[in-house]
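Let's take a friendly walk through a protein chain, starting with its overall build and ending with a few single residues. Keep the structure in view as you read.

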Amino acid sequence: QVQLVESGGGLVQAGGSLRLSCAASGSIFSFSTMGWYRQAPGKQREFVATVTSGSSTNYADSVKGRFTITGDNAKNTVYLQMDSLKPEDTAVYYCNAKRAWAVSSINYWGQGTQVTVSS
């Protein structure tokens with residue numbers, strides 16, 4: 001059973017920074033991609049950033065240039081460095097890990113961590 005444990009959320013003022021961590025129960029190399037999604041109150045969960053097992057990254061337009069996703073294989077952990085935070089970044093942030101094959105995939109989710117950005 002895959003477990004993803006997030007940490008690092010909190011309350012920060014606009015313009016500040018936070019770093020989220022997602023510790024996986026196994027090697028992050030075993031996943032096709034790992035990433036972060038977020039869900040604000042009353043809104044659907046949305047994509048934030050992903051990193052592949054080959055270290056390719058992808059970001060939502062709303063966070064490009066402000067957020068950075070990285071992986072530490074030795075610690076089985078993926079990080080999301082969030083800089084220049086805005087009030088609209090306020091949401092519950094969820095870690096995601098995906099195993100993908102030719103015709104199917106499995107997604108795993110963490111429990112979420114709250115990020116609140118005050119204006």
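Predicted model: local features only at pLDDT ≥ 70, side-chain atom pairs only at ≥ 80, totals over all residues.

Two residues are in contact when heavy atoms of theirs lie within 4.5 Å. Leaving out residues up to four places away in sequence, Val 12 touches Ser 17, Leu 18, Leu 85, Thr 116, Val 117 and Ser 118. Val 12 belongs to strand 2, which covers residues 10-13. Is Val 12 buried or exposed? Its relative accessibility is 13%, and buried means under 20%, so Val 12 counts as buried. Val 51 lies 39 residues away from Val 12 in sequence, and the C-alpha atoms of Val 12 and Val 51 are 25 Å apart in space.

**The whole chain**

Now step back. The protein chain has 11 strands and zero helices. Its radius of gyration is 14 Å, close to the 14 Å that the globule rule gives for 119 residues, so the chain is as compact as a globular protein of that length. Along the principal axes, the C-alpha atoms fill a box of roughly 45 × 30 × 25 Å. Of the 119 residues, 38% are buried. The accessible surface is about 6,300 Å², and carbon and sulfur atoms account for 47% of it. Among contacts with a separation of 6 or more, 54% join residues 24 or more positions apart.

| Strand pair | Bridges | Residues facing each other |
|---|---|---|
| Strand 7 and strand 8, antiparallel | six bridges | Gly 71 and Val 78 |
| Strand 4 and strand 5, antiparallel | six bridges | Met 34 and Val 51 |
| Strand 5 and strand 6, antiparallel | three bridges | Thr 50 and Asn 58 |

Strand 5 takes part in two hairpins. In the hairpin with strand 4, six residues lie between the strands, and Gly 42 in the turn has a positive phi of about 75°. In the hairpin with strand 6, four residues lie between the strands, and Ser 55 in the turn has a positive phi of about 75°.

Thr 50 sits in strand 5. With a relative accessible area of 12%, Thr 50 is buried. Beyond its neighbours within four places in sequence, Thr 50 is in contact with Met 34, Gly 35, Tyr 37, Ser 56, Thr 57, Asn 58 and Ile 69.

**The nonpolar core**

Which residues of the largest nonpolar core touch the most other members? In this core of 30 residues, they are Leu 4, Met 34, Trp 36, Leu 80, Met 82 and Tyr 93. Several strands supply at least two residues each to this core, including strand 3 (18-24), strand 4 (33-39), strand 8 (77-82) and strand 9 (91-100).

Setting aside neighbours within four places in sequence, its contacts include Trp 36, Leu 80 and Met 82. Among its other contacts are Glu 6, Arg 38, Phe 67 and Val 115.

Note on methods. Residues numbered from 1 in each chain as written. Heavy atoms only, no water. Buried < 20%, exposed > 50% of the residue type's maximum accessible area, 1.4 Å probe, protein only. Core = buried A, V, L, I, M, F, W, Y, C linked by side-chain atoms within 4.5 Å. Pairing = 2+ DSSP bridges. Rg over C-alpha atoms; globule rule 2.2 N^0.38 Å. Areas by Shrake-Rupley, 256 points an atom, 1.4 Å probe, with all protein chains shown as cover.
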